[in-house]
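Please keep the sequence and the model at hand.

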Amino acid sequence: MYEQFANDAAFLWLLRSIATDQPNYVSADLLELEERIDMHLDGLMTAPDVSWDICADAMSIEQPGEIFAAAVLAFRSLDINKIQQVVELGLRSEEGVLGLTSALGWLPGKICHSWIKKFLTSKDLNHKYLAIAACSVRREDPSEYLTSIFQRVDCLSHQKLYARSLRLVGELKRRDLSGALPIALRSDNPEVLFWAAWSEVMLGDKSAVKLLQPFALAPGPFQSWAIDTVFRVLPILEGREWISVLAKDPAQVRNVIKATTALGDPHAINWLVAQMQIPALSRLAGEAFATITGIDLEEHQLALAELPDLDGVLPDGPTESPDDDNVDMSEDERLPFPHSDKVAATWQKYQHRFTAGQRYFMGKSIEVEHLKSVFTTGNQRQRRAAAMELSLLQPNYFLLNHAARFGREG
């Protein structure tokens, strides 16, 4: 029974981590998943010693879900040896850090705050990195501890810690640390460079968007982040020019669609309708159309009744079975297939409501109350976009975490 609790908690955590960026999940769906995870975690706590032996054995495979379950159990037990064991193992890999960070974001403050402070004051720089990552997930300000990181040579030499600290400056709008960003921009480390430039933009320096151009236009680990940011900041005409550069590479067509979505210019709708006729692009183009216009494909009966043959075009996503080893989720997996002719006809009917050269998100201009409404009621991808727009629109508004746990206390 306790093995089942551990296995299910790890697997449901994995499902939730995927769901946070899926278009078929809204807040209520995530909350339901969280309640299921909590049920299994609470089950483990009914026999903590037996459960720990099971979780300690499971976490040896160093997968984030297993480390998450073990970490929650360890921190809730208040057993220093167990906490030390899971932290040491988790810090050995990026996957492990993901599980540890998620656990620290999951737990109530009364359990984890003292540990986050211990990690922030630790001599081990990996502990500091874990604490900063936890503060990022929780959107909690480490105050002078973050300030001190930028004043220490050893911390600046730890590239992961340096980069995550720079990212936190932008997420929390720590303007008092803006002076650290130009210094970081002299780094030759791409991760440090990206997050320094990104935070410059988040703090309101729109001219810094040009520093993100190389990341937005060339394939790389930060391209998605860059696209999601720069095309919400660039003036429309300049945004179109950047998209034209991106479009010169046929392999970047999906990123062209994503950039078009972020730019929000209805000028591109006819082009998006054309992309709907290409099976591998159809669903993504349909999502872009809906995100710009606010016209839901299924609600307006603009989706295909019968799915086209996609054999070999895109991989199948995971099931809800713990025995299923396939955890790769296509970003198109849960999107409807648009009926391009019906979409074109619908656009002809409604296009008079939109002005080319102006930005739109979910059918309306970019305004605070509209964005707050979408963040509350939209699906996960819409919530993520709304959070970014809100933070860019309001200089002092920290970046909301669309993936944050709903049921956490403190």
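Which residues do ring pairs link into a cluster? They are Phe-194, Trp-195, Trp-198, Phe-215, Phe-222 and Trp-225. Rings of Phe, Tyr and Trp (its six-membered ring) pair if their centres lie within 6.5 Å; planes under 30 degrees apart count as stacked, over 60 as edge-to-face and the rest as tilted.

## Basis of the model

This is a predicted model, in which local features need pLDDT of at least 70 and side-chain atom pairs count only at pLDDT 80 or more, while totals for chains, interfaces and linings use all residues. Residues are numbered from 1 along each chain as its sequence is written, and side-chain values use heavy atoms, with hydrogens and water left out.

## Helices H13 and H15

Two packed helices are described by the angle between their axes and the distance between the axes. Helix H13 (residues 190–202) and helix H15 (residues 223–230) have axes that come within 11 Å and cross at roughly 15°. H13 is therefore roughly parallel to H15. Angles under 35 degrees count as roughly parallel, over 145 as roughly antiparallel, 65 to 115 as roughly perpendicular and the rest as oblique. Axes are lines fitted to C-alpha atoms, for helices over the stretch in contact, and angles run from 0 to 180 degrees between N-to-C directions. Helices (H or I, at least four residues) are DSSP runs, numbered from the N terminus.

On the H13 side, Phe-194, Trp-195, Trp-198 and Val-201 meet Trp-225, Ala-226 and Thr-229 of H15; contact means heavy atoms within 4.5 Å.

## Aromatic pairs

The whole structure holds 19 aromatic pairs. In one of them, Phe-75 and Trp-115 are edge-to-face, at 5.9 Å centre to centre with 75° between the planes. Phe-75 is in helix H4 (residues 64–77) and Trp-115 in helix H7 (residues 109–120), so this pair ties together parts 40 residues apart in sequence. Phe-75 is buried at 1% relative accessible area, and Trp-115 is buried at 14%. Buried means under 20% relative accessible area, exposed over 50%, partly exposed in between (1.4 Å probe, protein chains only).

## Leu-399

Leu-399 lies in the segment after helix H22 (380–393) and is buried at 5% relative accessibility. Its C-alpha atom is 9.0 Å from that of Glu-389, 10 residues away along the chain. Leaving aside neighbours within four places in sequence, Leu-399 contacts Arg-139, Glu-171, Trp-198, Met-202, Ala-387, Met-388 and Ser-391.

Definitions and conventions. Helices (H or I, at least four residues) and strands (E, at least two) are DSSP runs, numbered from the N terminus.
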